[in-house]
Amino acid sequence: MPERCRVNPLNSPLEVGMRALVLLAESHPQPLDLAQITLLDYALLHSGEFDGPPSLHPDLPARSGELGMKRGLLEQALLVLIRAELARLEPADDGLVYRATERGPAFVELLEAPYVERLRERAEWAVRQYAPRADVRAATRALLNRPAETPLPPEVSRG
């Protein structure tokens with residue numbers, strides 16, 4: 001009997017890619033770099049910590065450890081989006097950025113699942129709050145260095 005391929009849907013490149021695509025579609029036509037996508041993905045999942053809509057994922061004591069894992073997962077997920085021609089990698093003055101192709105936002109519009117609608121709402125909020133002006137390095141440092149029970153510092157939680 002052939003061995004079955006097991007796919008863990010949680011934090012798989014497919015799931016993480018869907019979240020990244022929702023963020024890129026919301027910021028379209030503006031690109032995002034990997035550090036921005038990483039922070040925005042965290043904010044999208046834990047929006048309640050940022051004085052935003054209720055969080056999609058529960059607040060766990062070790063949740064700041066997500067940031068360390070998230071970057072590698074996002075790189076894999078973004079490759080999936082690029083292969084599907086939903087996003088592209090472009091050079092920028094200060095490094096590389098990702099941008100949704102014209103197909104990216106159209107693909108997101110086709111998805112009707114309630115979870116995707118909640119992702120879209122939070123992506124709209126996160127991009128509006130943090131994409132244009134957040135100091136990504138400072139915000140990431142603040143997330144990594146705070147005790148689990150401590151609220152986010154004002155400069156992170158209010159953009």
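A residue is called partly exposed when its relative accessible area lies between the buried class, under 20%, and the exposed class, over 50%. Glu 85, at 47%, is therefore partly exposed. Please keep in mind that the model before you is predicted.

Let me stay with Glu 85. The side chain of Glu 85 meets that of Arg 103 in a salt bridge, with 3.1 Å from N to O. Glu 85 sits in the loop between helix 3 and strand 1, whereas Arg 103 belongs to helix 4, so the pair ties together parts that are 18 residues apart in sequence. Arg 103 is also partly exposed, with a relative accessible area of 48%.

A further salt bridge joins Arg 120 and Glu 109, whose closest N and O atoms are 2.6 Å apart. Arg 120 lies in helix 5 and Glu 109 in helix 4, so this pair ties together parts that are 11 residues apart in sequence. Arg 120 counts as partly exposed at 22%, while Glu 109 counts as exposed at 52%.

I turn next to the strands. Strand 1 and strand 2 run antiparallel and are joined by six bridges. The hairpin between them passes through two residues, and Ala 92 stands opposite Gly 95. Glu 90 forms a salt bridge with Arg 99 at 2.8 Å; Glu 90 is buried, at 15% relative accessibility.

Key:
Residues numbered from 1 in each chain as written. Predicted model: local features only at pLDDT ≥ 70, side-chain atom pairs only at ≥ 80, totals over all residues. Heavy atoms only, no water. Pairing = 2+ DSSP bridges. Helix = DSSP H or I, 4+ residues; strand = E, 2+ residues; numbered from the N terminus. Salt bridge = Lys/Arg side-chain N within 4 Å of Asp/Glu carboxyl O. Buried < 20%, exposed > 50% of the residue type's maximum accessible area, 1.4 Å probe, protein only.
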